[in-house]
Amino acid sequence: MRSIEEFISKSLSDRKENGALRELSVKKGLVDFCSNDYLGFSRSKDLKDRISSEMQDMGVGSTGSRLLTGNSVEIEKLESRIAKFHIADAGLIYNSGYDANLGLLSCLPKKGDTVICDEYSHASIRDGIRLSLAKSFSFSHNDISQLEEKLSIAEGKIYVVVESVYSMDGDQAPLKSIVELCEKYEAALIVDEAHSTGIFGEKGEGLVAELGLEKRVLARVHTFGKSMGCHGAIVLGGANLRSYLINFSRSFIYTTGTPNYAVIAIKSAYDILSGVGFNSSKLSKLVSLFKSLLHDCVDFDLIESSSPVQCLVVPGNDSVKRLSGRVNDRGYDVRPILYPTVKKGKERIRICIHLFNSEEEVRGLVEAIKLSV
């Protein structure tokens, strides 16, 4: 027992010494430029009212796993509706994006198969791959040539896993080129659309749908905790894939089903998204304004991105924490992303632009960054 406590203490001390110790914090009264609430749904009065109205005649919890008492007509209708919205045949809802990636990737590839993922893939993707027992390789971020090198030596059934929009850089995967390579090598493509849901596509269907690649992708993971302002996720694909996950995906089988209030929240968010005549032009204008104002104003690199995620690289954990703290002191909520979450020397301030941000707030943020450097 004592040796374990010493191990815990030393691990925390090492993190602190490296300036990488994570701590929970609550910051109030600041202008939000850090949350994933890109469309402002989590603060939407309309969404709150819809949830409250529909919940009046329902119980709160699901009461059990989906295979026991936790299933309902409502959640199955919702899965069908979301699949139709994203132009897919079927879908299966999970309690979180982490659960969805873990459940999908741990049960589909098998020993003797090969999984190839982008080096910037989310931790949930990497953890799912580890549990699968398949061979795995990563390729340099968005490097098509290196992906082909890995595909050429892959064995067994081959899976390629990428994100459509990368959470820590905000840039996009070259999905058309990746799809073509997967077809050349008979590999199945899985795309995590967490940060493109609600942002790309005619009505926010995601980047895969915007590019017309729905039928050329094995599975897509859309999450509800970002643009949709709720919680949970769905794996989209064919009807057989849905049935396979119900039978073999442990993070779906052995957990309490999505609670009723979350089902209603997700349904209501999709009601709003599909009913407002989605238009991303305002958000795009705010992103363009931010980039143009910041361009050449500071000595740090701004990672190229057309998404709401904009990242200012500030090397060193201590340096990026100091800069973000100064920006916070000027009234703007931005957060530092530290090593080891990103590579050493690639620490950054991750800035998220939202529909609810004003041009005045964007200008104020840029001024605060300039004054804080």
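A residue is called buried if its relative accessible area is under 20%, exposed if over 50%, and partly exposed in between (1.4 Å probe, protein chains only). The structure is a predicted model, in which local features need pLDDT of at least 70 and side-chain atom pairs count only at pLDDT 80 or more, while totals for chains, interfaces and linings use all residues. Residues are numbered from 1 along each chain as its sequence is written, and side-chain values use heavy atoms, with hydrogens and water left out.

Aromatic contacts are described here by ring geometry. Rings of Phe, Tyr and Trp (its six-membered ring) pair if their centres lie within 6.5 Å; planes under 30 degrees apart count as stacked, over 60 as edge-to-face and the rest as tilted. The count by this rule is 5 aromatic pairs. One of them joins phenylalanine 33 and tyrosine 332 in a tilted arrangement, with 6.3 Å centre to centre and 45 degrees between the planes. This pair links distant parts of the chain, 299 residues apart: phenylalanine 33 is in the loop between strand E1 (31-32) and helix H2 (45-55), and tyrosine 332 is in strand E11 (residues 332-333). Helices (H or I, at least four residues) and strands (E, at least two) are DSSP runs, numbered from the N terminus. Phenylalanine 33 counts as buried because its relative accessibility is 0%, and tyrosine 332 counts as buried at 14%.

Tyrosine 94 and phenylalanine 252 form an edge-to-face pair, 5.8 Å centre to centre with 65 degrees between the planes. Tyrosine 94 belongs to strand E2 (residues 90-94) and phenylalanine 252 to helix H10 (residues 250-253), so the pair ties together parts 158 residues apart in sequence. Both tyrosine 94 and phenylalanine 252 are buried.

Charged side chains were examined next. A salt bridge is a side-chain nitrogen of Lys or Arg within 4 Å of a carboxyl oxygen of Asp or Glu, and the count by this rule is 21 salt bridges. Aspartate 32 forms one with arginine 43, the closest N and O atoms being 4.0 Å apart. Aspartate 32 lies in strand E1 and arginine 43 in the loop between E1 and H2, so this pair ties together parts that are 11 residues apart in sequence. Aspartate 32 is buried, with a relative accessible area of 15%, whereas arginine 43 is partly exposed at 48%. The charged end of arginine 43 also sits over the ring of phenylalanine 356, 3.7 Å from its centre; this term requires CZ of Arg or NZ of Lys within 6 Å of the ring centre and within 35 degrees of the ring normal.

Within helix H2, arginine 50 and aspartate 46 lie 4 residues apart, about one turn of the helix. Their side chains meet in a salt bridge (3.0 Å, N to O). Arginine 50 is partly exposed at 30%, as is aspartate 46 at 37%.

A further salt bridge joins aspartate 271 to arginine 81, with the closest N and O atoms 2.4 Å apart. The pair links distant parts of the chain, as aspartate 271 is in helix H11 (residues 260-275) and arginine 81 in helix H3 (residues 73-85), 190 residues apart. Aspartate 271 is buried at 18%, while arginine 81 is partly exposed at 30%. Glu54, Arg81, Lys267 and Asp271 are linked in a network of salt bridges.
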